[in-house]
Amino acid sequence: MRDAFPALHQTAYDEPLVYLDNAATTQKPKAVLDRLERYYARENSNVHRGVHKLSQEATDAFEDARSAVARLINAPSSDQVIFTRGCTDSLNVIAHTFARPRLGPDDTVVVTHMEHHSNIVPWQMACEATGATLKVWPIHDDGTLDMEAGMRLIEEEPFLLAIGHVSNALGTIHPVKSIIETAHRHGVPVVVDGAQSMAHLPVDVQALDADFYVFSGHKMFGPTGIGVLYGKYDLLDSLPPYQGGGDMIDEVSFDGTTYADLPHRLEAGTPHIAGVIGLGAAAEFIEQLDHEAVQAHEDDVLQYAHEQLSEIDGLRLIGTAPHKTSVCSFVFDDIHPYDAGTILDRLGIAVRTGHHCTQPLMERLDLPGTIRASFALYNTREDVDRLVQGLGRVQTMFG
Ligand code: C6P
């Protein structure tokens, strides 16, 4: 598997690179890189417009990619896969087109205390614009949701619940299927932020019964600048156009304009064609994996990391939920995360330090930030060993 990812085979400061920042973005397999090159070298053309051969080829590749993504998440139809700039963009589209026109001063929107800023700020802005209230689903110290408190919030029948599938800062896997079931019993639609699940868990939007499910291409071995907004057909079909322009119209006249059907109505302008085609290749790459083997391997590496790190004096693991994937956050009693990250970098080990775009979570845990090692299917126990050695050097220098 490591051979499929060229970026892993390089040095950083003369040390073999250990890439442990996969929650920020994953590396890209050769299949995706080759597909991007083929598009630009041989098929480059605009889509849905030209009658010429290249345009038809590009259009076919573009729509095949939509089908590949639909298959990967088991969407009932590829019309329910809307291409956006990324997870953040998808959440903003929902906040603008679904929430804002419907929200009023008596409404509430619920988010959990450990959401990424992208799944907080768009709802906060929608609430500020409409007089609605944003409510926060509390969490326990180990990084699990306080289910009793959450159920009470759902029983109050908020307008919407927005929840991550997997926490980017702590790796907690939330029981979204049962949460959605409960929410639906109370008539509450659920937006699931799947940014951190797509590279690690099988996602079946129909089995989850998610109303909306959003994610970014670059966190699932695909290109940056491309993402997906999946929604139930009737919900998506009820959304007004988000942006006006080419490709999203049926007919335009100065007397009035009519709009295209889904998915094009929500995809104004020339799309990120290469991004979509690259994302399709990433979806096919994930589709052909042995998912059980991948999950077993990732669980083993995470478990090993937890064991090894918890033996280091003065190091505290942050986020010890029983159901976790791929993220290991930790702090030192007396070393700032930034200092640790800088030394690790010089040793060729890439981790992320700081608040991970989850400032409310860090405030709740009373931390300035954490050091976060986040794994993907190509990471190994040897990578964990290098991290542990590196942390030994950090302690020698700062401890
Ligand atoms: N988290 C991280 O290092 P974009 O930037 O749109 O591709 O994804 C935003 C986003 C939304 N939700 C979750 C749960 C996320 O983890 C992210 C991105 C990266 O953790 C960059 S801040």
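A: Start with the salt bridge: a side-chain nitrogen of Lys or Arg within 4 Å of a carboxyl oxygen of Asp or Glu. By that rule, there is 1 salt bridge across the interface of domain 1 and domain 2. Bear in mind that this is a predicted model, where local features need pLDDT of at least 70 and side-chain atom pairs count only at pLDDT 80 or more, while totals for chains, interfaces and linings use all residues. Residues are numbered from 1 along each chain as its sequence is written, and side-chain values use heavy atoms, leaving out hydrogens and water.

Q: Where do the domains run in the chain?

A: Bounds like these come from an automatic or database domain assignment. Here domain 1 covers 31-287 and domain 2 covers 290-397.

Q: How much area do domain 1 and domain 2 bury between them?

A: The size of an interface is often given as the accessible area lost when the parts come together. For these two domains that is about 2300 Å² (1.4 Å probe, summed over both parts), with 60% of it on carbon and sulfur atoms. On the domain 1 side, H117, L170 and H200 lose the most area, together 27% of what that side buries.

Q: Is F221 buried or exposed?

A: Buried (under 20% relative accessible area, 1.4 Å probe, protein chains only), because its relative accessibility is 0%. D366, at 68%, is exposed (over 50%).
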